[in-house]
Amino acid sequence: QVSVLYFARSAELAGLRCETLSVPRQITSRQLWEEIVKVHPRLAVIQDQVVFAVRQEYVLLGDHLLVLQPGDEVAIIPPISGG
Amino acid sequence: MDESKDVPKDFIKLKSEKLSVDEVSELVISPCCGAVSLFIGTTRNNFEGKKVICLEYEAYTSMAEIEIKKICRDIRQKWLSVKHIAVHHRLGVVPVTEASVIIAVSSPHRAESLEAVTYCISTLKASVPIWKKEIYEDEYSWKENKECFWTNSEK
């Protein structure tokens with residue numbers, strides 16, 4: 001079980017900022033995205049623009065294999081606009 | 001000021017209260033430094049012909065602080081003489097003309113702090129998980145920095 005955090009446009013599309021999700025311990029970032037879109041289909045529109053942050057490190061959506069621990073924080077990161 | 005404790009420091013703060021240029025520049029002042037360089041990012045009142053009422057910022061706070069800390073570390077590797085670095089970023093609503101970000105860097109001579117400030121704001125815009133919403137009269141828009149390191153330029 002991981003904590004999924006939603007920010008900015010992704011929080012608007014998902015309708016929430018935070019939830020726990022059960023996912024396999026080993027999963028590619030692309031598969032993790034697909035699991036999340038199953039729960040929140042409206043997120044599909046930003047698919048090409050987002051990256052993840054897993055344990056506060058950026059991960060691109062792709063074949064990168066993630067090894068997740070219970071309680072890990074996974075954040076959906078839309079294109080940033082700080083400063 | 002206790003001169004024996006004048007070790008290089010990073011001052012990073014994300015807060016919803018109004019930012020203070022005086023406060024941020026005072027943080028980096030150091031007896032051994034002859035230069036303090038500053039950048040202030042303020043809310044502009046227009047975008048593509050639309051009137052901007054205000055900006056609204058949100059952040060992945062824990063990661064934003066980590067990413068800003070990395071930028072500070074990079075600055076010290078590139079400009080060895082940099083002394084103190086302060087980055088204050090406002091969250092929540094920022095009305096027009098008010099500051100959303102203030103960056104201050106001190107160094108013995110001016111070249112390093114001027115260059116470090118430029119590097120800091122550019123890298124912040126490329127890598128720190130902070131988002132702004134531009135609020136117009138009848139709609140709003142989530143902004144996307146062109147520096148954002150994962151978005152395609154041909155979008």
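Predicted model: local features only at pLDDT ≥ 70, side-chain atom pairs only at ≥ 80, totals over all residues.
E8(B) and E9(B), the latter covering residues 140-142, run antiparallel and are joined by three bridges. I picked out one bridge, in which B:Ile135 has B:Tyr140 of E9(B) as its partner.

I then looked for another partner of E8(B). E4(B) is antiparallel to E8(B), with seven bridges joining the two. Within that pairing, B:Glu58 is bridged to B:Trp131 in E8(B). As a reminder to myself, pairing between strands of a sheet goes through backbone hydrogen bonds, in parallel or antiparallel fashion.

Is E8(B) mostly covered or mostly open? I found it mostly covered, with seven of its seven residues buried. In a regular strand, side chains alternate between the two sheet faces, and I listed each face separately. On one side I have B:Ile130, B:Lys132, B:Glu134 and B:Tyr136, and on the other B:Trp131, B:Lys133 and B:Ile135; all are buried.

**Entry: the largest pocket**

I looked up the largest pocket next and noted a volume of about 360 Å³. It is lined by 20 residues, and those closest to its centre are A:Gly83, B:Arg44, B:Lys125, B:Lys132 and B:Glu134. Strands of chain B that each give two or more residues to the lining are E2 (35-42), E3 (46-47), E4 (50-59), E7 (99-107) and E8 (130-136). E2(B) contributes the most, with three residues. Sorted by class, I count eight charged, seven polar and five nonpolar residues in the lining.

**Entry: the four-stranded sheet**

I traced an open sheet of four strands in chain B, ordered E1-E5-E7-E2, with mixed pairing. I read an average twist of 5° from one strand to the next.

E1(B) pairs in parallel with E5(B), residues 85-90, over six bridges. Here B:Lys13 stands opposite B:His88 of E5(B).

Which helices pack on the sheet? I found H2(B), residues 61-78, in touch with E1 and E5 of chain B, its direction at about 155° to that of E1(B). H3(B), residues 110-127, also packs on the sheet and touches E2, E5 and E7 of chain B. The direction of H3(B) makes about 145° with that of E7(B).

I checked B:Ser30, which sits in the loop between H1 (21-28) and E2 of chain B. Why does B:Ser30 count as buried? Its relative accessibility is 6%, and the cut-off for buried is under 20%. Apart from neighbours within four places in sequence, B:Ser30 contacts B:Asp6, B:Lys83 and B:His84.

I then turned to B:Ala126, in helix H3 of chain B. B:Ala126 is buried because its relative accessible area is 16%, where buried means under 20%. Leaving out residues up to four places away in sequence, B:Ala126 touches B:Glu147, B:Cys148 and B:Phe149, and also A:Ile80. I also noted the C-alpha separation of B:Ala126 and B:Glu144, which is 9.9 Å for residues 18 apart along the chain.

Definitions and conventions:
Residues numbered from 1 in each chain as written. Chains lettered and ligands numbered in written order. Heavy atoms only, no water. 1 Å grid on protein atoms, 1.4 Å probe; cavity = no way out; pocket = protein on both sides within 12 Å on 5 of 7 lines; lining within 4 Å. Points joined across faces, edges and corners; volume = space filled by probe spheres on them. Nonpolar A, V, L, I, M, F, W, Y, C, P; charged D, E, K, R; others polar. Buried < 20%, exposed > 50% of the residue type's maximum accessible area, 1.4 Å probe, protein only. Pairing = 2+ DSSP bridges. Axes fitted to C-alpha atoms, helices over the stretch in contact; angles between N-to-C directions. Contact = heavy atoms within 4.5 Å.
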